[in-house]
Amino acid sequence: MSEDKPTQRVDEPAQSPEPAPSGDATASGAARSSRPDEHDRSDNHAGDKAKSPGETTQDVSNESVTAARVDQLMPSDATELEVVDVRQGMFGIHGSGDTSGYGGLTRPVVLRSPSTRPYGGWFDEVADRFETVLHEHGTGEAIEKVVVDRGEITFLIRRAHIRTVAQLLRDDAALRFEVCSGVSGVHYPHETGRELHALYHLLSMTHNRRIRLEVAVPDADPHLPSVVGVYPTADWHERETYDFFGLVFDDHPALTRIEMPDDWPGHPQRKDYPLGGIPVEYKGATIAPPDQRRSYT
């Protein structure tokens with residue numbers, strides 16, 4: 001496990017989120033790959049609030065990043081951000097320098113705070129009905145928080161309830177999310193106690209709507225219930241997420257690796273996975289991994 005880093009919170013000017021019209025919000029698998037830093041969600045961290053963007057410098061992990069810098073990187077609809085880490089360079093290189101050309105890159109890792117009502121559009125209708133159904137079935141505590149961001153609505157669900165939640169979303173006539181189009185994973189090493197996230201992208205063909213569910217679990221106990229019994233299409237998706245991130249989906253009918261060999265050590269899409277090097281057939285030379293190459297400047 002990575003060493004815990006202090007957390008800072010940064011306030012930004014709030015603007016009312018404008019969700020995409022029905023059918024336009026697309027389920028984004030980018031939570032796992034193309035924008036992991038921006039889509040981070042958690043409310044388990046606390047920190048000091050900056051006075052305003054540009055006025056206060058946040059010191060995180062012995063690196064300095066200004067609130068103005070965060071303001072440049074984050075969208076204007078963010079109301080409150082929690083900086084949990086600051087990444088330097090392309091590969092997190094420390095000490096030896098960076099030969100990738102990205103040595104000056106500074107990227108804060110931020111978490112979203114809960115969105116406030118009204119969410120806008122049909123988001124409120126779905127959220128109201130969802131909460132009503134949960135209370136009717138005695139699982140009103142299943143939702144940790146709701147985040148509206150980039151035209152998508154995400155419900156963070158406590159892991160013990162994910163299977164029940166999935167079934168209620170599928171079966172209720174006013175919700176009717178009949179399709180799980182994908183299950184993906186994200187690894188946030190600095191979100192202590194919530195390092196691994198599972199993302200579920202749900203589609204209602206009846207109402208032409210898309211929502212996301214998110215479950216966070218600790219690296220020390222990466223178990224959560226499988227939803228294959230509700231959405232059979234999640235079978236291979238859960239296997240891939242287990243293979244690449246180490247999330248263990250309990251009661252999955254055959255939870256084995258699907259991409260890597262069965263005896264492969266580790267989970268390749270975790271951020272602490274070694275970047276690897278390339279053997280070269282020249283006097284036993286080796287091209288070192290990018291985070292271990294020396295600097296020429």
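This is a predicted model: local features need pLDDT of at least 70, side-chain atom pairs count only at pLDDT 80 or more; totals for chains, interfaces and linings use all residues.
User: Where do I start with the open sheet, and what is the order of its strands?

Analyst: Start with the strand order. Here five strands run β6-β7-β10-β9-β8, and the pairing is mixed.

User: How do β6 and β7 pair, and over how many bridges?

Analyst: In the antiparallel sense, over six bridges; β7 covers residues 152-157.

User: How many bridges join β8 and β9?

Analyst: Eight, and this pairing is antiparallel. Here Cys180 has Leu202 in β9 as its bridge partner.

User: How do side chains sit along a strand?

Analyst: In a regular strand they alternate between the two faces of the sheet. Now turn to the helices that lie across this sheet.

User: Which strands does helix α3 lie across?

Analyst: Helix α3 (residues 162-171) lies across β7, β9 (196-204) and β10 (209-217). Its direction is at about 170° to β10.

User: And which strands does helix α4 lie across?

Analyst: Helix α4 (residues 234-245) lies across β8 and β9. It runs at about 5° to β8.

User: Is β8 mostly covered or mostly uncovered?

Analyst: Count its buried residues, meaning those under 20% relative accessible area. In β8, seven of nine residues are buried, so by that cut-off the strand is mostly covered.

How values were computed
Residues are numbered from 1 along each chain as its sequence is written. Side-chain values use heavy atoms; hydrogens and water are left out. Two strands pair if DSSP finds at least two bridges between them. Helices (H or I, at least four residues) and strands (E, at least two) are DSSP runs, numbered from the N terminus. Contact means heavy atoms within 4.5 Å. Axes are lines fitted to C-alpha atoms, for helices over the stretch in contact, and angles run from 0 to 180 degrees between N-to-C directions. Buried means under 20% relative accessible area, exposed over 50%, partly exposed in between (1.4 Å probe, protein chains only).
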